[in-house]
Amino acid sequence: DSAASVRATDDVSSIVRVLLSGSSPVHLVEYDGLPTEFAEWWEHDGFEVAYVVAGEVESEVGGALSRLGAGDAVSYPAHLPHRHRSVGAVPARLLVIEMPTASGSGLAARAHRPEGG
């Protein structure tokens with residue numbers, strides 16, 4: 001298995017796995033046990049699609065909240081500040097497909113806290 005795994009938070013049940021990266025035209029990132037609290041905002045070049053595999057997710061993109069269930073997806077320009085969290089009784093599993101621009105990398109995203117965030 002060549003996927004890299006890291007803890008998403010201090011919660012040992014929350015794992016982030018980079019399933020596809022590098023020179024591929026898309027990057028695939030799996031969040032298993034998505035945290036229930038919003039993390040820092042992310043913004044970077046490119047475009048993203050977030051697909052809920054299991055559970056319920058609240059996605060905040062550019063200040064707009066969306067509640068998603070298993071089988072739902074949201075897409076957005078990745079330069080908009082964005083973040084996701086689990087909101088249901090079942091820990092959420094989320095797949096994020098990043099389509100970086102030629103000049104940028106979704107995996108080199110910048111985390112920050114915007115005004116009022």
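The entries below go from the overall fold to single residues.

**Ground rules.** I am working with a predicted model, in which local features need pLDDT of at least 70 and side-chain atom pairs count only at pLDDT 80 or more, while totals for chains, interfaces and linings use all residues. Residues are numbered from 1 along each chain as its sequence is written, and side-chain values use heavy atoms, with hydrogens and water left out.

**Overall fold.** I looked up the secondary structure and got zero helices and eleven strands. Here helices (H or I, at least four residues) and strands (E, at least two) are DSSP runs, numbered from the N terminus. I then checked how much is tucked away: of 117 residues, 35% count as buried. Buried is under 20% relative accessible area, exposed is over 50%, and partly exposed is in between (1.4 Å probe, protein chains only). The accessible surface is about 6400 Å², and 54% of that belongs to carbon and sulfur atoms. Those areas come from the Shrake-Rupley method with a 1.4 Å probe, and for residues only the protein chains shown count as cover.

**Contacts along the chain.** Among contacts with a separation of 6 or more, 64% are between residues 24 or more positions apart. A contact is heavy atoms within 4.5 Å.

I followed the pairing next; two strands pair if DSSP finds at least two bridges between them. β2 (residues 15–20) and β3 (residues 27–32) run antiparallel with five bridges, and I15 sits opposite D32. Six residues lie between the strands of this hairpin, and G22 has a positive phi near 75° there. β3 also runs antiparallel to β10, with six bridges; Y31 has L94 as its bridge partner.

**V16.** Is V16 buried or exposed? V16, in β2, counts as buried because its relative accessibility is 11%. V16 is 15 residues from Y31 in sequence, yet the C-alpha atoms are 4.6 Å apart.

**Strands β5 and β8.** β5 (residues 47–54) is joined to β8 by five bridges, again antiparallel, with A50 opposite V74. In β8 (residues 73–77), V74 and Y76 make the covered face, and A73, S75 and P77 the uncovered one.

**The core.** Which residues make up the largest nonpolar core? I listed eleven: L34, A50, V52, V57, V61, L68, V74, Y76, A92, L94 and V96. The rule takes buried Ala, Val, Leu, Ile, Met, Phe, Trp, Tyr and Cys residues joined through side-chain atoms within 4.5 Å. Beyond its neighbours within four places in sequence, Y76 contacts F47, E48, A50, V61, H82 and H84.

**L95.** I also checked L95, in β10. Leaving out residues up to four places away in sequence, L95 touches L19, L28, V29, E30, V49, A50, Y51 and V53. L95 and Y51 are 44 residues apart along the chain, with their C-alpha atoms separated by 5.2 Å.
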